[in-house]
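Trainee: Please take one part of this model and go through it closely. I would like a connected account of the fold around it.

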Amino acid sequence: MKTTVKTASTAGMPSRAAKGQCTLVGAGPGDPELLTLKAIKAIQAATVLLVDDLVNEDIVALYAKPGARVVHVGKRGGCKSTPQAFIEKLMVMAALDGENVVRLKGGDPFIFGRGGEELEHLQAAGVQVRVVNGITSGLAAITSLGVPLTHREHAHGVVFVTGHAKPNDAGTDWKSLAAMARQAKLTLVIYMGVSGVQRIQNELLSGLPRDTPVAVIQNASLPNQRQLVTTLGELAVSVANAGLGSPSVMVVGDVVKGVQLALADCEALVRTA
């Protein structure tokens, strides 16, 4: 009896076989030196690069090979963006035409980068997909201030959460999150939250004290990085006074006390100098 075995490349796939491939690559928070070696190799091998707005332009200039087609598919909060459906269509078409496609994203593809949606879409079209992780901006932002996201005394865990909801979605339940963060001693890392900072502050205050320390970091890891350290009770006013905008990360929790102590030490040195 003859047995027919379906291979991984044909089982359940569309009749049109994918010739090329697509790699979802995390470009990190901005500093080209924070790229992984695997990311660099993927970029150097690409024949087509679909590049997000938050990717440092130096990364493409340094590592894209001559002749590679570079398509800028901007996606930035509050600005005109390339439709997600159009981006996914471009990836599929290029891969099925035999191109080695890299979808280059700021941070990590699987942390608020819509990488999960793109992975599902590509796989449904029969395209071979790989993922190369990148350093997420939430980690790089607080690390740049010399403090961790977790600490045995101050934070037993960390929650990455978006401050931006899609249309007709209520978004994050900040009140429940605040209660959980206080009870479980968690650090909150909030992406895309500056535009809704007043609401986030108001609802987090339902479960967290007003003196909870908060750090806000704009353009993490880049030469034009700006940051402020404040309290939850003064968050919205502090952000407005400092003129901070997107892209920014807000870190809420007792780990930020490490920054406050360092600043206090610096002020003491200035006073005694």
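Mentor: Start at Arg199, which sits in helix 7, residues 197-204. The model is predicted. Arg199 has 41% relative accessibility, so it counts as partly exposed. Leaving aside neighbours within four places in sequence, its contacts are Ala170, Thr172 and Trp174. Gly163 is 36 residues away in sequence, yet the two C-alpha atoms are 9.7 Å apart in space.

Helix 6 covers residues 174-184 and lies across strand 6 and strand 7. The helix runs at about 145 degrees to strand 7, which spans 186-191. Lys185 occupies the loop between helix 6 and strand 7. Its phi is near 55 degrees, a positive value in a residue other than glycine. Most residues other than glycine have a negative phi. Lys185 is partly exposed, because its relative accessibility is 32%.

Five strands make an open sheet in the order 6-7-10-8-9, with mixed pairing. Which strands stand at the edges? They are strand 6 (157-162) and strand 9 (226-231). Each has a single partner strand, so one side of each is left without a neighbour in the sheet. From one strand to the next, the twist averages 15 degrees.

Follow the order to strands 8 and 9. Strand 8, residues 213-218, runs antiparallel to strand 9, and six bridges join the two. Val216 has Leu228 of strand 9 as its bridge partner. Helix 8, residues 235-242, packs on the sheet and touches strands 8, 9 and 10. Its direction makes about 155 degrees with that of strand 9. The loop between strand 8 and strand 9 holds Ser221. This serine also has a positive phi, about 80 degrees, although it is not a glycine.

Gln218 deserves a stop. This residue lies in strand 8. Is Gln218 buried or exposed? It counts as buried, because its relative accessibility is 10% and the cut-off for buried is under 20%.

Ser246 and Pro247 are joined by a cis peptide bond, with omega about -5 degrees. Most peptide bonds are trans. Pro247 belongs to the loop between helix 8 and strand 10.

Last, a helix pair from elsewhere in the sequence. Two packed helices are described by the angle between their axes and the distance between the axes. Helix 3 (residues 84-96) and helix 4 (residues 115-124) pack at about 45 degrees, their axes 10 Å apart. The two are therefore oblique to each other. Their crossing is right-handed. On the helix 3 side, the contact uses Gln84, Ile87, Glu88, Met91 and Val92. Helix 4 meets them with Glu117, Glu118, His121 and Leu122. By class, the contact has four nonpolar, two polar and three charged residues.

Note on methods:
Residues numbered from 1 in each chain as written. Predicted model: local features only at pLDDT ≥ 70, side-chain atom pairs only at ≥ 80, totals over all residues. Heavy atoms only, no water. Pairing = 2+ DSSP bridges. Helix = DSSP H or I, 4+ residues; strand = E, 2+ residues; numbered from the N terminus. Axes fitted to C-alpha atoms, helices over the stretch in contact; angles between N-to-C directions. Contact = heavy atoms within 4.5 Å. Buried < 20%, exposed > 50% of the residue type's maximum accessible area, 1.4 Å probe, protein only. Parallel < 35°, antiparallel > 145°, perpendicular 65-115°, else oblique. Left-handed = near helix turned anticlockwise from the far one by under 90°. Nonpolar A, V, L, I, M, F, W, Y, C, P; charged D, E, K, R; others polar.
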